[in-house]
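Some labels given to parts of a protein rest on a rule, and a new reader may wish to see how each rule is applied.

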Amino acid sequence: MRNNINVPPELTAKYTITGILTLLLLFCLSIHTYGSTDGGGNATNMKKQNRLKDEKSPYLLQHADNPVDWYPWGDEAFEKARKEGKPILLSIGYSTCHWCHVMEHESFEDEEVAKLMNETFVSIKVDREERPDIDNIYMTVCQMLSKGGCGWPLNVVMTPDKKPFFAATYIPKETRFGRPGMMDLVPRIKELWENDREKVLESAENITAAVKKATDVTENNESKDLTVSTLGVGYNQLLGRFDENNGGFGSSPKFPTSHNQLYLLRYWKRTGDDQALEMVEKTLQKMRQGGVYDHVGFGFHRYSTDPQWFLPHFEKMLYDQAMISMAYIEAYQATGNKEYADTAGEIFTYVMRDMTSKEGGFYSAEDADSEGEEGKFYVWEEDEIVDILGKEDAELIISTFNVSSTGNFSDEASGKKTGANILHLKKPIPEIAASYDMSVEEFNKRIETSREKLFNVREKRVHPHKDDKILTDWNGLMIASLAKGGRVLNDPQYTEAAKKAADFILSDMRKPGGELLHRYRGGDAAIDSNIDDYSFFIWGLLELYESTFDIRYLQAAIELQNEMIKNFWDDKNSGFYFTSDSAEELIARQKEIYDGAVPSGNSVAMLNLLKIGRITGNPEYDKKASELGRAFSNTVAQAPMAYTQLLCGLDFGIGPSFEVVVVGDPDKEDTQTMLRALNKDYSPNKVVLLKEPEKDSGIASIAEFTKSQAQIDGKSTAYVCLNYICKLPTSDVDKMLELLAADTP
């Protein structure tokens with residue numbers, strides 16, 4: 001999850017001087033980063049339930065049996081706090097968050113802690129995946145007070161008018177190792193609230209003022225154009241942090257951050273710098289070999305706790321499957337390496353098998369824990385593998401995936417071997433196959449037979465908790481990847497899965513006026529949408545159009561883009577706000593540009609605008625994309641490597657970029673040959689339209705410049721335009737690809 005705000009030192013100094021320093025001296029030891037290692041747990045079944053029992057969020061429902069008198073976010077809770085003169089404890093997490101549930105079991109399920117909390121606070125629970133707007137604001141507060149050591153669970157104490165004065169992550173019940181526990185902390189906060197409230201309120205005002213300044217990075221921005229040099233700086237910064245031995249960036253924990261790979265591929269395409277491609281390939285290969293990949297059931301875990309991609313945090317997130325599979329697909333286009341295509345296909349297998357609802361939407365996440373133990377579902381003992389596979393096949397699996405009789409990783413607390421094993425590779429498959437004097441095909445066939453047996457046994461285990469809510473934004477990412485995968489891998493099942501999800505959102509996750517809704521669960525679509533919902537879903541629709549050439553998806557993408565400009569755009573300073581003009585008013589209205597675990601809505605919007613501008617021929621979309629880049633230019637220029645999805649859009653905007661119109665009958669072989677060649681070719685900065693010569697598909701009403709385009713001699717014909725200059729049409733596939741390989745007009 002992304003932590004989005006870099007707080008200027010002068011702002012930090014301002015609010016600490018005015019009273020918050022007293023609170024920090026008392027409480028700073030309670031603020032740390034346990035929240036960065038999140039997993040999950042399941043709710044217990046106690047008879048007495050609080051107000052969360054009527055919610056749809058799996059996370060809130062997990063807390064419905066707590067003795068804490070929890071409220072959902074809403075007017076009832078704030079009115080109660082004002083009436084009773086109590087501060088509010090806001091606790092934010094999500095259903096697959098490991099440390100959220102550690103804190104729940106240790107503190108929120110405890111009668112003593114609950115009694116203190118109920119006496120002192122009005123307590124509110126928020127699912128950060130349902131309300132990222134709330135989470136973003138109060139995560140900013142935590143980052144300010146702790147200088148960046150933040151994650152989930154996030155616990156914020158604030159006034160009844162939502163102004164914060166204290167923030168912490170995981171808090172134990174009892175004080176230990178100098179870290180204040182709930183039993184000590186809550187009485188201290190109560191004492192301050194009752195006896196020194198004036199100072200508390202002053203601090204809350206100053207923190208709120210600082211948050212407002214920190215959350216709109218476009219205010220007072222000296223806007224300027226981002227240039228080719230920005231692309232180079234971003235590349236060099238990534239190069240400086242690249243792990244040459246293990247791939248990825250930095251040491252640990254190590255996250256996939258797949259938009260880094262998407263950008264590096266574009267930089268390689270632009271410059272021919274082989275080192276950029278090598279960085280991508282090393283990362284993707286090492287990730288696929290490591291324990292961060294589920295070698296039995298497929299899909300990627302959320303991150304690795306070590307630099308080698310070996311020991312994962314076992315949680316699986318939908319957005320990771322989407323972004324990682326997209327990186328493998330584009331790497332396949334760039335290199336032709338079938339292993340990348342196979343990996344993307346395996347990720348899709350996992351998503352379609354385990355993460356797809358009957359309606360067609362995709363579920364949000366799977367927990368790290370099962371039966372109260374992190375990773376239990378995924379690990380293996382050597383004897384178990386022998387029992388399942390028999391000695392001969394077991395020996396191959398044990399050797400290939402580095403299984404040990406004593407276990408291949410140690411318990412974090414004791415440092416002793418666990419006896420359990422994480423399946424992982426230390427060498428590439430071709431190298432391992434050669435050591436057995438087998439062809440890669442023969443070796444993979446034997447591995448696959450054993451994998452299926454292990455999978456069937458694993459399916460009988462207690463599965464991790466699944467967060468089965470459907471989020472528009474994360475579904476948009478998955479739709480984009482599946483649609484791209486369908487056409488690049490020439491597999492219609494992926495395209496069909498993308499279509500079904502998109503159709504579901506278009507029909508069931510919109511308000512009567514057409515505005516998107518954020519969350520669906522149990523037949524209930526609700527919660528106002530945010531910028532990510534629009535940006536990510538538009539991305540998915542644009543990819544889906546190029547995979548199906550169904551005009552409905554292109555029309556929907558343009559309609560939603562126009563709606564997004566109308567409701568989210570800042571007419572004064574440019575850029576998109578995270579929330580719409582009609583959204584609930586919080587203590588600040590944020591704009592996001594940082595590309596963290598998922599890219600920011602503004603970064604994705606820039607590329608969407610450019611593509612729609614090229615498709616429609618309407619320069620207003622290009623202008624909006626330029627204004628967006630200028631709005632965030634000061635922030636991006638400071639550290640371009642933190643905005644690699646935006647750099648993908650910048651790369652498209654600077655060019656060379658292409659519009660390709662194929663005029664032909666999609667049912668005929670010559671048209672299919674031309675489209676297959678376009679799909680196989682790695683030319684990321686292009687849009688592709690299809691015009692059927694004897695059928696009005698509606699494309700001319702969207703892209704007027706296609707009206708006069710026709711076939712040559714009855715053959716499928718490509719019209720290629722480069723940097724706003726159109727070349728002569730051609731029916732020759734090789735000539736079309738030659739035009740796409742051009743670097744200059």
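What follows is a set of questions and answers on a predicted model.

Q: What makes strand 1 and strand 5 the edges of their sheet?
A: The sheet is open and has five strands in the order 1-3-2-4-5, with mixed pairing. Strand 1 (70-72) and strand 5 (164-168) each have a single partner strand, so one side of each is left without a neighbour in the sheet. From one strand to the next, the twist averages 30°.

Q: How do you know that strand 2 and strand 3 are paired, and in which sense do they run?
A: Two strands count as a pair if at least two bridges are found between them, and strand 2 (residues 88-93) and strand 3 (residues 122-127) are joined over six bridges, in the parallel sense. Among the partners, Leu90 is bridged to Ile124 of strand 3, while Ser91 has Lys125 of strand 3 as its bridge partner.

Q: How many bridges join strand 1 to strand 3?
A: Three bridges join them, and the two strands run parallel; with a requirement of at least two bridges, strand 1 and strand 3 therefore count as a pair. Here Tyr71 stands opposite Ile124 in strand 3.

Q: Why is strand 3 called mostly covered?
A: A residue is called buried when its relative accessible area is under 20%, and six of the six residues of strand 3 are buried. Val122, Ile124 and Val126 point one way from the strand, whereas Ser123, Lys125 and Asp127 point the other way, and the residues of both groups are buried.

Q: Why are helix 6 and helix 8 described by the word they are given for their crossing?
A: The axes of helix 6 (residues 132-146) and helix 8 (residues 197-214) come within 10 Å and cross at roughly 110°. Angles of 65 to 115 degrees count as roughly perpendicular, and the two helices are therefore roughly perpendicular to each other. Their contact is made by Ile137, Thr140, Val141, Met144 and Leu145 of helix 6 together with Ile207, Ala210, Val211 and Ala214 of helix 8, and these residues divide into eight nonpolar, one polar and no charged.

Q: What makes strand 8 and strand 14 edge strands?
A: They belong to an open sheet of five strands with the order 8-9-12-13-14 and antiparallel pairing, in which strand 8 (316-317) and strand 14 (524-528) each pair on one side only. Within this sheet, strand 12 (residues 466-471) and strand 13 (residues 517-521) run antiparallel and are joined by two bridges, and Ile470 stands opposite Tyr520 in strand 13. Helix 18 (residues 472-488) lies across strand 8, strand 9 (363-366), strand 12 and strand 13, and runs at about 85° to strand 12.

Q: How do you know that the span of helix 11 agrees with its number of residues?
A: At 1.5 Å a residue, the 16 residues of helix 11 (residues 274-289) should span 22 Å, and the end C-alpha atoms are 22 Å apart, so the values agree. Among the buried residues of helix 11 are Leu277, Val280, Leu284 and Met287, and what covers the buried residues includes helix 9 (228-241) and helix 12 (318-335).

Q: What span should helix 23 have, and how far apart are its end C-alpha atoms?
A: At 1.5 Å a residue, the 13 residues of helix 23 (residues 619-631) should span 18 Å, and the end C-alpha atoms are 18 Å apart, which agrees. Its buried residues include Tyr621, Ala625 and Leu628, and helix 21 (551-568) and helix 25 (644-654) are among the elements that cover the buried residues.

Conventions
Residues are numbered from 1 along each chain as its sequence is written. This is a predicted model: local features need pLDDT of at least 70, side-chain atom pairs count only at pLDDT 80 or more; totals for chains, interfaces and linings use all residues. Side-chain values use heavy atoms; hydrogens and water are left out. Helices (H or I, at least four residues) and strands (E, at least two) are DSSP runs, numbered from the N terminus. Axes are lines fitted to C-alpha atoms, for helices over the stretch in contact, and angles run from 0 to 180 degrees between N-to-C directions. Angles under 35 degrees count as roughly parallel, over 145 as roughly antiparallel, 65 to 115 as roughly perpendicular and the rest as oblique. Contact means heavy atoms within 4.5 Å. Ala, Val, Leu, Ile, Met, Phe, Trp, Tyr, Cys and Pro count as nonpolar, Asp, Glu, Lys and Arg as charged, and the others, Gly among them, as polar. The expected span of a helix is 1.5 Å times one less than its number of residues. Buried means under 20% relative accessible area, exposed over 50%, partly exposed in between (1.4 Å probe, protein chains only).
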